[in-house]
Amino acid sequence: MGDFVHNLTRLKELELSYVNLLSPIPPILANLSSLTWLGLSSCGLNGDFLVSIFQLPNLELLYIDGNSNLSVFFPKPHWGAPLKSLYLSNTNFSVEIPTSIGNLSLLNELIANLCYFSGSLPSSMGNLSHLAVLDLSENNLQSQIPVSFANLTQLSKLWLYSNNLSGDTLEWVVNLTKLTELDISGNQLSGGFPSSFENLKQLQKLWLSLNDWHGDIPSTLWNLKDLESLSLDSLNLNGTLDANDLFKLKSLEDLDLSDSNISFAKTFINATSPKLAYLYLVSSNLTEFPQFIGYLSKLAWLELQNNKIQGTIPRWMWNNSRDSLYYIDLSNNLLTGFENNQTDLPWPNLRYLDISFNLLEMTLPVPPPLVIQYDISNNVLFGEVSTSICEVSSLVVLDLSNNSLNGTIPPCLGSIGPLEFLNLARNKFNSIIPHVYLDRCALRMIDLSENQLRGIVPRSLANCGMLEYLNLGDNQINDTFPFWLSGLASLKVIALQSNMFYGPIEENLSQLNFTSLQILDLSDNSFNGELPSKLLKSCHAMKDIVGQDTLAYLSIYQLVNLSYGQFTSIMTYAMTLMNKGTKLEYVKIPDVFVGIDLSNNKFEGFIPEFIGDLKSLLMLNLSNNFLNGSIPPSLANLTSLESLDLSQNNLVGEIPQQLAHLTFLSNFDVSHNHLSGTIPHGTQFDTFPSSSFAMNDGLCGSPLPNKCTNGDNVPPPPSSFKVDNKEECLFDLDWRIMLGGAGGGFLVGIVLENLIIDKKSRWFLHCSKKMAGGWKR
């Protein structure tokens, strides 16, 4: 590239944006004194940026944005370039903005979001009198916005969102009469709600969300006739809003008043809103539907979730927007039904409908014909599911869980081509599982748990090649193990617990490939024979420990693009796991969780040594079976293991001293076996209660009352060991078999972290949702 640049000394424009350079900036670029335009956006540049480029005598436009591995330092104090446009987004500054930036007197555009800037905004920025666009959003800027910003009278767009800016005045804004967009949301601006917007006659977008302002909305705000988007959520606003004032904003399309205490006046409304399409009133302490909603003639997106709205959903709600609505979220309220018990929902173009977590006591409303996502879970629905639901041929997500629906699961559900997420858990369905699934079944998640389903697992599920999650637990299914599931390469979770499955597993299996399987729960059935070694050996995802920097969950991410916007939904997998002998529901499963529960069956024989190869296991429960032989030392290879339950078996021999190296082990139970010898001590073993070792007459040492004859000063566990991959023979067991005992009880544990979302994260998630909903269409 150097020879190429040497021949271009008279070049005026050089555009290399999106060329995959993957290198530092060639030093020769600093010698191209004739350059007026240099484009290096998203080139994979790394190393330090050449500060001397800022001093090229004719350079007017410089684009180095999108190079996240490029470190940049502003020149101090001199700039030589007569820059008019400077794009720096998503580069690495990690410094304060120097006062020398005020010397760029010709600058028209400064785009520098996501640059890791810290410190305060220099007052010298007030010298940039030609500046029309300023974007310093998503940095770590602090302190007050300088009053010198009042000199930036040519500004049309000012974006300072997602910083740590503070202060209690914005009076300088009154001078910026050319502003069309102002976004200062997600900061720490405080005091009374600012009133200095009345001169901003050209303002189209005003986003003030997530600051520490309070008080009433100033009446001058309703004079901004060109306003298209207004975001005032999470501002501790109060007072009463008259819809007639709101309807003065004839151009308003987006309105967000979420997380506020605003009430809406019950006054005569003498107009309709011609353009308002996106309305967000989430967590606003509403107890009834605001009357003005019925006057919105182009309403497309309505969010009223997490309020206290009571009673029925009135018909006047869609008086003027019946045909325009495509997204409705009424979840987490106190709604009891639809007016006049209406079950045929009236929105012909609706794509998204969420009425979950309410008090709907009625038969299942059939969703509108074009709905993609329908969630009416966690209500009091009763009766059978009509086959007319299958006429909604666009369904991708169907969640009817946690109701009292009964009767037959409509077989036609298996013929809804795009259906990916089917959750009918915790109802009263008492039929067989439908056997009809299309050859091109798109299902990724099926949860039919906690019903009264009977019969066998339908073999046609083998057509669902994208299936990741299958939960048939807590039913009355009477079948052998569905070994043909191994043909589903994406399957991560198999939950068949608490049914009437029976018979051996191994003898029905030849070649298996459960490559992606992370969770296998076959507990509380009547499986017998040896532990399913072939099945477990094929679980390759259980063999490699995969690190993860952030907490994520097993889920389906659904992005729906429509001609007038898009929406996203994340449907997380949930299941019931045994925890300390109690069934607990986990609404989210970390995507690094790996567990096996084969408890409460009739498995016999040895615990195979190769289980020590499943190194990513966090939970292993083999309790309440007829297993014999000794505890394999190879279990010490399970360095991530948090819970190990081998209780209620016929195990003999010692507890391997190497298990003391399992430093994450928080739950351990080998009670009610025939174990003998010294209990390991040190690390986690000093924290386990005596119940973990009860009813093993040959065991001695802490925490049991019977001390070992040689005292408790046993040698520490070895730092390394060799594992014999051959299973132990009955004749190789030592004399300690004779010291066994018997009894009952078991313990399983799993620890899930809480995800704490701070204020800035809330702002990011909230604004991401608005952007997905069309705020930045």
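Colleague: Hi! How does Glu288 count, buried, exposed or in between?
Modeller: Glu288 counts as partly exposed, at 39% relative accessibility. Buried means under 20% relative accessible area and exposed over 50%, with partly exposed in between (1.4 Å probe, protein chains only). Bear in mind that this is a predicted model, where local features need pLDDT of at least 70 and side-chain atom pairs count only at pLDDT 80 or more, while totals for chains, interfaces and linings use all residues. Residues are numbered from 1 along each chain as its sequence is written, and side-chain values use heavy atoms, leaving out hydrogens and water.

Colleague: Which side chain does Glu288 meet in a salt bridge?
Modeller: That of Lys266, at 3.0 Å, N to O. A salt bridge here is a side-chain nitrogen of Lys or Arg within 4 Å of a carboxyl oxygen of Asp or Glu.

Colleague: And what does that pair tie together?
Modeller: Lys266 lies in the loop between strands E19 (263-264) and E20 (278-280), and Glu288 in the loop between E20 and strand E21 (301-303), so the pair ties together parts 22 residues apart in sequence. Strands (E, at least two residues) and helices (H or I, at least four) are DSSP runs, numbered from the N terminus.

Colleague: How many salt bridges are there in the whole structure?
Modeller: Six. One of them joins the side chains of Arg444 and Glu468 (3.2 Å, N to O).

Colleague: Are those two buried or exposed?
Modeller: Both Arg444 and Glu468 are buried. Salt bridges with shared partners join Glu420, Arg444 and Glu468 into one network.

Colleague: New topic: in what order do the strands of the open sheet run?
Modeller: The order is E49-E51-E52, with parallel pairing. Two strands pair if DSSP finds at least two bridges between them.
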